[in-house]
Amino acid sequence: MDVGDLRRGGRSDLRLLPSYCPHIPVIKYLLFSLSRRGDVIKDSGGTAPGEAYNGVKPPAISLEDYLYRWVRYSFCSSETFVLAVILIDRLAYRTGLLITSINVHRLLLVALVLAAKFRDDVYYSNKYYASVGGVTAAEMNALEISALADLDWELYVDPDQYNMYVAEFQKQRTCKQLSKQLVRERHDGDGQCFLCTWNS
């Protein structure tokens with residue numbers, strides 16, 4: 001079975017692709033939990049920056065299917081997924097954005113794109129990534145510009161930080177119960193929201 005056959009196959013076949021990341025179940029659960037919590041805060045009247053990442057409504061595709069679609073069509077490295085979580089964490093820390101059901105897919109998409117471009121020797125055009133992510137090329141370009149500005153172009157991830165995230169993901173691989181520390185959010189007076197500030 002060649003790579004083309006694997007990409008056309010079922011989800012179990014995706015585990016054989018170079019882009020498959022074993023931490024996807026944990027990443028899915030983490031982002032889903034944060035978006036659910038963000039929806040509750042938003043519905044109760046809470047506000048936070050980050051409108052540039054909002055869609056009109058939550059996409060019909062689940063986060064899990066969205067992640068596996070990226071595995072199937074992005075041709076990225078498996079490390080991209082961990083780097084994407086770190087970048088989302090960094091975005092949340094710096095901007096105070098609230099992760100909700102109307103922005104979590106787009107945040108994930110732009111983080112994956114930036115991680116792939118920074119990490120991988122071979123990457124593709126924004127037009128292609130837009131087709132994988134279910135947005136227009138113009139929307140993909142706008143998301144990338146917003147994220148780079150909010151990150152102040154800081155995409156480098158220290159190996160120690162990367163290994164810390166991987167170690168936490170490995171501890172949570174069963175995906176039955178993420179620790180409170182993993183899904184912790186901080187909404188203090190400045191409204192900042194953190195994803196994975198394990199070292200704080």
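In this predicted model, E154 and R94 form a salt bridge, with their closest N and O atoms 2.3 Å apart. E154 sits in the loop between helix 8 (137–150) and helix 9, while R94 belongs to helix 5, so the pair ties together parts that are 60 residues apart in sequence. Both partners are partly exposed. The relative accessible area of E154 is 37%, and R94 has a relative accessibility of 35%.

This bridge belongs to a set: the structure holds 5 salt bridges. Side chains of opposite charge can pair when their charged atoms come close. Another such pair is E144 and K117, whose closest N and O atoms are 2.7 Å apart. E144 is in helix 8 and K117 is in helix 6, so parts that are 27 residues apart in sequence are tied together. Here the two partners fall into separate classes. E144 counts as buried, at 13% relative accessibility. K117 is partly exposed, with a relative accessible area of 23%.

E79 and R119 also meet through their side chains in a salt bridge, at 3.4 Å from N to O. The pair links distant parts of the chain. E79 is in helix 5, R119 is in helix 6 (residues 104–119), and the two are 40 residues apart. E79 counts as partly exposed at 26% relative accessibility. R119 is partly exposed too, with a relative accessible area of 37%. A network of salt bridges links E79, R119 and D120.

Helix 5 also packs against helix 9. Helix 5 spans residues 79–95 and helix 9 spans residues 159–171. Their axes lie 10 Å apart and form an angle of about 105°. Helix 5 is therefore roughly perpendicular to helix 9, since angles of 65 to 115 degrees count as such. On the helix 5 side, the contact is made by E79, V82, L83, V85, I86, D89 and R90. They meet Q161, Y162, Y165, V166 and F169 in helix 9. The residues of this contact divide into 8 nonpolar, 1 polar and 3 charged.

The structure holds 0 disulfides. C21 is in no disulfide, and its nearest cysteine sulfur, that of C76, is 8.8 Å away. C76 is likewise in no disulfide. A disulfide needs two cysteine sulfur atoms within 2.5 Å, so the 8.8 Å between C21 and C76 rules one out for this pair. Both residues are buried. C21 has a relative accessible area of 2%, and C76 has one of 6%.

How values were computed. Residues are numbered from 1 along each chain as its sequence is written. This is a predicted model: local features need pLDDT of at least 70, side-chain atom pairs count only at pLDDT 80 or more; totals for chains, interfaces and linings use all residues. Side-chain values use heavy atoms; hydrogens and water are left out. Axes are lines fitted to C-alpha atoms, for helices over the stretch in contact, and angles run from 0 to 180 degrees between N-to-C directions. Helices (H or I, at least four residues) and strands (E, at least two) are DSSP runs, numbered from the N terminus. Angles under 35 degrees count as roughly parallel, over 145 as roughly antiparallel, 65 to 115 as roughly perpendicular and the rest as oblique. Contact means heavy atoms within 4.5 Å. Ala, Val, Leu, Ile, Met, Phe, Trp, Tyr, Cys and Pro count as nonpolar, Asp, Glu, Lys and Arg as charged, and the others, Gly among them, as polar. Buried means under 20% relative accessible area, exposed over 50%, partly exposed in between (1.4 Å probe, protein chains only). A salt bridge is a side-chain nitrogen of Lys or Arg within 4 Å of a carboxyl oxygen of Asp or Glu.
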